[in-house]
Amino acid sequence: MTHQEILTSLTEKKAQLEHRISAIEADLHQGRSQDFAEQATETENDEVLDEIHHQAKAELKYVIAALNRLKNKKHGFCSSCNTLINIERLHALPYTTTCINCAT
Ligand SMILES: [Zn+2]
């Protein structure tokens, strides 16, 4: 995977996440129905949506951080020990910040 391919894949990932987050937010901001039984179901759905929303936002943060590192030509280096991260690891986890040895 080249530098450019990682950049492209991260840019796509960022767009996907932003799309997902705005779809969830639109859903969360929808009006509530008057029916009590439906309201209970909606509350449960909201909890699930909140969780997905939270995860998507956390992932987006990693993707943006990785894009910034990539622009600074720092991508591919472990943020902890500063060695070059294995290319296969980067391929599987393009926004990882640590090498396999430093990963928790
Ligand atoms: Zn490391």
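User: Which residues of α1 are buried?
Analyst: In α1 the buried ones are I6, L10 and L17. Buried here is a count: 20 or more other C-beta atoms within 10 Å of a residue's own, with 12 or fewer making it exposed, anything in between partly exposed, and the C-beta atoms placed from the backbone. Helices are DSSP runs of H or I with at least four residues, strands are runs of E with at least two, and both are numbered from the N terminus.

User: Before I go on, what kind of model is this, and how are residues numbered?
Analyst: This is a predicted model, where local features need pLDDT of at least 70, side-chain atom pairs count only at pLDDT 80 or more, and totals for chains, interfaces and linings use all residues. Residues are numbered from 1 along each chain as its sequence is written.

User: OK, and what's the mean pLDDT of the chain?
Analyst: The mean is 84, and 91% of the residues reach 70 or more. pLDDT is the predictor's confidence in each residue, on a scale from 0 to 100.

User: Where is confidence lowest and where is it highest?
Analyst: Helix α3 (residues 87-92) has the lowest, at a mean of 80, while α1 has the highest, at 90. Where pLDDT is low, the predicted coordinates should not be read in detail.

User: How many helices and strands are there in the chain?
Analyst: The chain has 3 helices and 0 strands, so the sequence reads α-α-α under the DSSP run rule.

User: Back to α1. How far does α1 reach from its first C-alpha to its last?
Analyst: It reaches 37 Å with 26 residues, close to the expected 38 Å. That expectation is 1.5 Å times one less than the number of residues.

User: And what makes up the largest nonpolar core?
Analyst: That core has 6 residues: I6, L10, L17, V63, A66 and Y95. Both α1 (3-28) and α2 (36-71) supply at least two of its residues, with the largest share, 3 residues, coming from α1. A nonpolar core means buried Ala, Val, Leu, Ile, Met, Phe, Trp, Tyr and Cys residues joined through C-beta atoms within 7 Å. In soluble globular proteins, nonpolar side chains tend to be buried together.

User: What does Y95 touch?
Analyst: Leaving out residues up to four places away in sequence, Y95 touches L10, Y62, V63 and A66. Contact means that the two C-beta atoms, placed from the backbone, lie within 7 Å.

User: Why is A66 called buried?
Analyst: Because A66 has 24 other C-beta atoms within 10 Å. A66 is in helix α2, and its C-alpha is separated by 30 Å from that of D46, 20 residues apart along the chain.

User: Switching to the overall shape: what is the chain's radius of gyration?
Analyst: The chain has 18 Å, whereas a compact globule of 104 residues would be near 13 Å. The radius is taken over C-alpha atoms, and the globule rule is 2.2 Å times the number of residues to the power 0.38. Along the principal axes, the C-alpha atoms fill a box of roughly 60 × 25 × 20 Å. Buried residues make up 12% of the 104.

User: Which residue has a positive phi although it is not a glycine?
Analyst: N82, with a phi of about 70°. N82 sits in the loop between α2 and α3, and with 10 other C-beta atoms within 10 Å it is exposed.

User: Last one: what is T98 in contact with?
Analyst: Setting aside neighbours within four places in sequence, T98 contacts C78, S79, S80 and A103. T98 lies in the segment after α3, and its C-alpha is 8.0 Å from that of C81, 17 residues apart in sequence.
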